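The report below describes the overall dimensions of a protein model, the packing of several of its helices and the surroundings of its ligand.

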Amino acid sequence: MTMKKWHNISGLRGSAKAALPLPVFDYIDGGAEDELSLHDATRAFDRYDIIPRMLMDVSQVSSQTEIFGRRIEFPVMLAPTGLTRLFHKEAELGVARAATAAGLPYCLSTLGTTTIEDFADAVPGSKLFQIYIFKDRGLTEEFVERARACKYDGLVLTADTLVGGKRERDLANGLSLPPRLTMRGFLGFAAKPRWSLPALFGSKFDFVNVAHRVAAMSAGPTTLQDYVAGQFDRTVTWKDVEWLAGKWGGPLAVKGILHPGDAVTALESGADTVMVSNHGGRQIDTAAAPIDQIAPIADAVGGRMKIICDGGIRRGSHILKALALGADAVSIGRPYLYGLAAAGSTGVSRAIDILRDEFDRCMVLSGATCPDDLNRELVRPHIGA
Ligand code: FNR
């Protein structure tokens, strides 16, 4: 298969749609309720125009930057996504190979399908672990210790998932855990038998990092899925973030922040990075687009913490706009998942290469030689929107 047939992220999305049973594609592609936040996260980039500078000697361009205490090749990280094995048998290790080859950090999800230890063995480069503060603080502490033992660079605390968003495509398909397929969902799997049979019966989609907790419970009918669902704790506050920062003592990001006041509180609670995010439009529908909150958050934190713009990135120009408005890097979820579903690890590499090529081109055409050259003079609100 020639990777060059994909010219943009939208092309990879089309191939992912063709490869996957509908319920699985919808799980990746969908958002909450009317999917307004999902679509607006990308559309919002069109509300900013680039005002490029000319004749700036751009013969030497470097896209390198630093996040989580490491230099990275260009300002992109791969966001945590759960259930990755459902999308391709190469799962997280396939994604990790592509991220490592490109010199980019990749964050393993708590609800991933590879263990913290196997992931660490496979990723010699920058690796992060996404964590929740669970009702059972002992489980959170255990994750901190396992991440420390495996020399992870940083933790990402997801703050916006006290309850799952109302994802209506999943409801229509009956894609729950465990699955209770509707006719539409069943037909979606039946239409792709070559994918469905080995994937459904040959692999385990368990949350491998928490499975031992359930296995250790002496009695009771608890399933792994019920156990995980029961662990989301609505009593969590910033005091718990302070507690986590103290336990971990290393680079810590809070993910899911949209309000400048919350970014400042994250800083005061011991985080050094904020991921400005609405969870890819999967949680509260009509939550603000991350790109619109970058400038207010950059103003509020005044350079005291790193800012990552998470969500809606589909073009190199989106990365340029996020950095110009004050982000240090961006993170991507669906773009690499579309690549994974389309062609495994090589598809992830293609997604990364597309964004890198577009971003580098945009830097040159804007007269920028490094990410530090990107500032607010380079963008202005679109006139006539
Ligand atoms: C996610 N996301 C996510 N976030 C998180 O903190 N823990 C998780 O387990 C998951 N799982 C997950 C699964 C799938 C299929 C998707 C698409 C997303 C959210 C993810 O980290 C990121 O915030 C968004 O994907 C960013 O938006 P884009 O890049 O997909 O537009």
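A compact globule of 385 residues would have a radius of gyration near 21 Å, and the protein, with 20 Å, agrees with that expectation; the radius is taken over C-alpha atoms, and the globule rule is 2.2 Å times the number of residues to the power 0.38. Along its principal axes, the C-alpha trace of the protein spans about 70 × 50 × 40 Å. This is a predicted model, in which local features need pLDDT of at least 70 and side-chain atom pairs count only at pLDDT 80 or more, whereas totals for chains, interfaces and linings use all residues. Residues are numbered from 1 along each chain as its sequence is written.

The protein has 16 helices and 12 strands, where helices (H or I, at least four residues) and strands (E, at least two) are DSSP runs numbered from the N terminus.

**Helix packing**

Two packed helices are described by the angle between their axes and the distance between the axes. Here the axes are lines fitted to C-alpha atoms, for helices over the stretch in contact, and the angles run from 0 to 180 degrees between N-to-C directions.

| Helix pair | Crossing angle | Axis distance |
|---|---|---|
| α13 and α14 | roughly 40 degrees | within 8 Å |
| α14 and α15 | roughly 25 degrees | within 8 Å |
| α15 and α16 | about 55 degrees | 7 Å |

Angles under 35 degrees count as roughly parallel, over 145 as roughly antiparallel, 65 to 115 as roughly perpendicular and the rest as oblique. The crossing of helix α13 (residues 260–268) with α14 is roughly 40 degrees, which makes α13 oblique to α14. Pro260, Ala263, Val264 and Leu267 of α13 meet Pro296, Ile297, Ala300 and Val301 of α14, two residues being in contact if their C-beta atoms, placed from the backbone, lie within 7 Å. This contact of α13 with α14 comprises eight nonpolar, no polar and no charged residues; Ala, Val, Leu, Ile, Met, Phe, Trp, Tyr, Cys and Pro count as nonpolar, Asp, Glu, Lys and Arg as charged, and the others, Gly among them, as polar.

Helices α14 (residues 290–301) and α15 (residues 316–325) cross at roughly 25 degrees and are therefore roughly parallel to each other. From α14, Ile291, Ile294, Ala295 and Ala298 meet Lys321, Ala322 and Leu325 in α15, a contact of α14 with α15 that has six nonpolar, no polar and one charged residues.

For α15 and α16, which pack at about 55 degrees, the arrangement is oblique. Gly316, Ser317, Ile319 and Leu320 of α15 make the contact with residues of α16 including Leu355, Phe359 and Met363, and the contact of α15 with α16 divides into six nonpolar, three polar and two charged residues.

**Ligand surroundings**

Of the 23 residues around the ligand, Ala79, Gly82, Gly280, Gly333 and Arg334 come nearest, a residue being near a molecule if its C-beta atom, placed from the backbone, lies within 6 Å of it. The elements that give two or more residues to this shell are α2 (22–29) and α16 (334–366). By class, the shell around the ligand has nine nonpolar, 11 polar and three charged residues.
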